[in-house]
Amino acid sequence: MAALPAVQDYRALAHKRLARMARDYLEGGAEDLRTLGRNRKAYDALLFKPTVLTDVTSVDASVEVLGQPLAMPAVVGPTGLNGLYYPRAEEALATAAHRAGLPFVVSTASTSLLEDVRRASDGELWLQLYVQRDRGISQRMMERARAAGYSVLMLTVDTPVHGVRDHDIRNGFKMPLRITSRLMADVITHPRWCLRMLRQGGSPQLVNLARSAGTAVNLAAQAAAMSRQMDMSLDWQDIDWLRAHWPGRLLVKGILSVDDALKARATGVDGIVLSNHGGRQLESAPSPLELLPAVAEAAGSAMTVMMDGGIRRGSDIVKARALGAQAVLLGRAPLYGLAARGPRGVDEVLQILRRECETTLRLLGCPRAAELSPSVFQPAWKERLKAL
Ligand SMILES: Cc1cc2nc3c(=O)[nH]c(=O)nc-3n(C[C@H](O)[C@H](O)[C@H](O)COP(=O)(O)O)c2cc1C
């Protein structure tokens, strides 16, 4: 079967394939979905200003971020519980990212061991870290990632508690999945999804967390409980503690203000990810895109600035890069591919985004992604972003 035209087609197919509980977990946002909606609206506010009659015979979407070459300004971002969509999901995402010339970020809440992901892929792997109350778990996770050759640590700081997600409460969504009458009804009406889950031996498990917790009995349930025990005391001073355990590159993900970007810069981290967690955490948070110009200016050349939220088109990636993000994280988009068509679907989604990126660069008359700047927008871009 031929590839579908756009990411939204994979989204629509994923909706058909997934049990309701898995679809809601993937798509959902916090409270009344204001932040989730705002993430997309921000791209709509920006209008391009093309420069015509420019030689665009050759186009180059590649950039360098943290010393690593990326085929386009994007990284396949960290998402937990990916086994809800397809067996061995992290291995599939890592290998597809590598084929597309992009790094892949493995989540603390991954459903494959970080060592297994490494065995599946020779590509660049980064680790996303949630710090639990038992700091030993994080220490062991970092040691394992170092030993497996992960190059970048991404500390997520916007999740001291989970955001309010009504749909998950309604669906009784808890890890590991428990068989309830509601789940049974959901499963029976989605036999293809049910077969996928059976192929991986039932409910996906937080095996990565369980391995670092090092407990022997009922690992999965304990890991699930621990995933809800974030260390709420974590503060800026703990960056030193992380540094002591992680000698590689360090990013802080979940920044949403210039003030916090400056604090991050003062700690000497290598970079930040402007993010509202795909609209899943704090309701009525701003969209990262609208903060990007001011944060990029504050960061200067001292640290890398990345952003995420709502990337569904190659033109979205171009807009983010032009406003000062060195690269974006792709959250849901590759997961739509995975849920719709398995590993092949991830390849297709990443190819679509790259192709759209290149087309946008050509139509803009700015064929090199590395040279993008706000000059590719109509003059009123600042006002339009402010008016969001
Ligand atoms: C289903 C799902 C699970 C996620 N799990 C994590 C996670 O484990 N760690 C993390 O730092 N961010 C997590 N995120 C947030 C993403 O890394 C990213 O910030 C967000 O998805 C970007 O928005 P987008 O999905 O609109 O592209 C998750 C997002 C989704 C949609």
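**Ligand shell and helix pairs**

Visitor: How many residues of the shell around the ligand are charged, by class?
Guide: This is a predicted model, in which local features need pLDDT of at least 70, side-chain atom pairs count only at pLDDT 80 or more, and totals for chains, interfaces and linings use all residues. Residues are numbered from 1 along each chain as its sequence is written. Ala, Val, Leu, Ile, Met, Phe, Trp, Tyr, Cys and Pro count as nonpolar, Asp, Glu, Lys and Arg as charged, and the others, Gly among them, as polar. The shell has 7 nonpolar and 13 polar residues, and the charged ones number 4.

Visitor: How are helix α13 and helix α14 oriented to each other?
Guide: Helices here are DSSP runs (H or I, at least four residues), numbered from the N terminus. The axes of α13 (residues 258-267) and α14 (residues 288-299), lines fitted to C-alpha atoms over the stretch in contact, cross at roughly 25°, with angles running from 0 to 180 degrees between N-to-C directions. Angles under 35 degrees count as roughly parallel, over 145 as roughly antiparallel, 65 to 115 as roughly perpendicular and the rest as oblique. Therefore α13 and α14 are roughly parallel.

Visitor: What is the orientation of α1 and α16 to each other?
Guide: The axes of α1 (residues 7-17) and α16 (residues 332-341) come within 8 Å. Their crossing angle is roughly 50°. The pair α1 and α16 is therefore oblique.

Methods: Helices (H or I, at least four residues) and strands (E, at least two) are DSSP runs, numbered from the N terminus.
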